[in-house]
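Here are my notes on the ligand site. Please read them with the model open.

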Amino acid sequence: MEQAEIGLIGLGVMGSNLSLNIAEKGNRIAVFNRSPEATRKFYAEAGDLQGQIIPCETLEEFVESIRPPRPIIIMIKAGDPVDQQMEALKPYLSAGDIMIDAGNANFRDTMRRFDTLKDSGLTFIGMGVSGGEEGARHGPSIMVGGKEESWKRVDKVLTSISAKFNDEPCVAWLGENGAGHFVKTIHNGIEYADMQMIAEIYGILRDGLGMSAAEIGEVFGKWNTGRLNSYLIEISETVLKATDPVSSTPMVDMIVDRAGQKGTGKWSVIEAQNMGVAATAIEAAVAGRILSSQKKEREEAEAILGLPTLAEAPKDRAAFLADLENALLAAKIGAYAQGFAVMSAASTEFGWNLPMPTIARIWRAGCIIRSAFLDEITSAFTKDPDVANLIVTPAFSQMVKETDGALRRVVSYAALSGLPAPALSSALAYFDAYRRGRGTANLIQAQRDFFGAHGFERVDGLDRPHGPWGSGLNQG
Ligand code: 6PG
């Protein structure tokens, strides 16, 4: 029997969809699942694609049916199960075979797995896959990390299944070891910020302007035809317009305001902090989810503190809606600038040489944060790949200048009305801090020197490490 080009372990929804996508694009694939019933069911339902699929019930049979060096995608729950699966697989593999972890792994686990395999002759790919179930089935964005030679073995298959933006495949090899999973983590961090900001605008429209879910859906629908055109705005319109069949009220009003999280947003923030990069909009988004989960406490606090009185809504509703649209765009620029700054720092820290224009390019289709905006980011980074921050590129500095006034007005309205807008306001504060040549940390340095003799730099360059201070313990 003709051998398969690639193998896949784990026939959950993502694994099944990815397998069908691989088969549909003309690649022969061997599949294996811990429970053989799932493999049988998957194969039985594969229809016309059966001819491209080799269903296997033992690991031995599975490995034998793949053309060496064997690329094997592992699409199972992140964490320990991946290590266990790798251990179970190892005895059947030969030198050069490539285990590919396609889950949302912490890149530090990916680095560790690389290290563990270092002397075994086996290789590893840490692969970020974005786009949810639909993406996996019809074209995800794929972020690959590993040895370049491993990438060359899988390039053709992955290119065939990836999303395409103007015929350009949304897949790329981004660097050694943990590069792919790191970039996927930051993709998710930006996704958190994007979602939080959209939700904050939704809150202003719902609780500030008193608009219904369907009306807000309508507004998002309009924005989706403009500069905010994106998958997340598009699905926000759809979900806001959906009706609950049980209560016949808007579906979104029937959902408890408590958001879950599986860890990638938090890892983005932790790594940003580790590397000393300010990723405040992503931090605000993660904190927003944490606060959302404290529903009972919030209800108790509302009973004790009450809610502030709403500020008077701007009279010119059309102008305010335009402000909200521009505010979202401005804040989005802040969040993306921060995400890219984290990746740039990680590139240096881990020696990855991450290609910023390529990352923006492969996020233009397939992934959850896909948008027209990412095409503009691709152009900005292509023109200036080593720029310190997206917001100082000519195109984006111009956009910030055009929109930050709107963000300022929206954040002011939210603050005066007591409507929480932590991600929008943190993006605004980030712009204001980043663009101000003379900040206020001179006072912090003075305080640090006063109580801890930490010393400071003088603006005139004079070499005088401490004080003197007028009173207190440290007299210089
Ligand atoms: C994607 C998504 C996907 C998943 C995340 C969401 O890019 O396809 O980001 O990876 O939906 O796990 O993360 P939370 O469950 O933490 O929101």
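1. Which of the 13 residues around the ligand come nearest? They are Ser-130, Glu-191, Tyr-192, Lys-262 and Arg-289. Keep in mind that this is a predicted model.

2. Glu-191 places a polar side-chain atom 2.7 Å from a ligand oxygen. Arg-289 also has a polar side-chain atom 2.7 Å from an oxygen atom of the ligand. For Asn-188, a side-chain N or O atom is 3.1 Å from a ligand oxygen. On its own the ligand exposes 410 Å², and the protein buries 81% of that.

3. Now the make-up of the shell. Seven of its residues are polar, four are charged and two are nonpolar. Helix α8 (residues 179–208) gives the largest share, five residues.

4. Where does the ligand lie relative to domain 1 and domain 2? It lies between them, because domain 1 (6–177) and domain 2 (185–434) both contribute residues to the shell.

5. Compare this with the record. An unreviewed UniProt entry lists "binding site" positions, including Asn-104, Ser-130, Asn-188, Tyr-192, Lys-262, Arg-289, Arg-448 and His-454. The listed positions span 351 residues of sequence and are spread in space too, with up to 49.7 Å between C-alpha atoms.

6. Two of the listed positions deserve a check. Lys-262 sits in the loop between α10 (231–241) and α11 (264–274). Its relative accessible area is 81%, so Lys-262 is exposed. His-454 falls in the segment after α19 (441–452). At a relative accessible area of 45%, His-454 is partly exposed.

Methods: Residues numbered from 1 in each chain as written. Predicted model: local features only at pLDDT ≥ 70, side-chain atom pairs only at ≥ 80, totals over all residues. Heavy atoms only, no water. Near = heavy atom within 4 Å. Polar contact = N/O pair within 3.5 Å; in protein donor to acceptor, adjacent residues only side chain to side chain. Areas by Shrake-Rupley, 256 points an atom, 1.4 Å probe, with all protein chains shown as cover. Helix = DSSP H or I, 4+ residues; strand = E, 2+ residues; numbered from the N terminus. Nonpolar A, V, L, I, M, F, W, Y, C, P; charged D, E, K, R; others polar. Domains from an automatic or database assignment. UniProt positions renumbered as here; feature names shortened; annotations may be inferred. Buried < 20%, exposed > 50% of the residue type's maximum accessible area, 1.4 Å probe, protein only.
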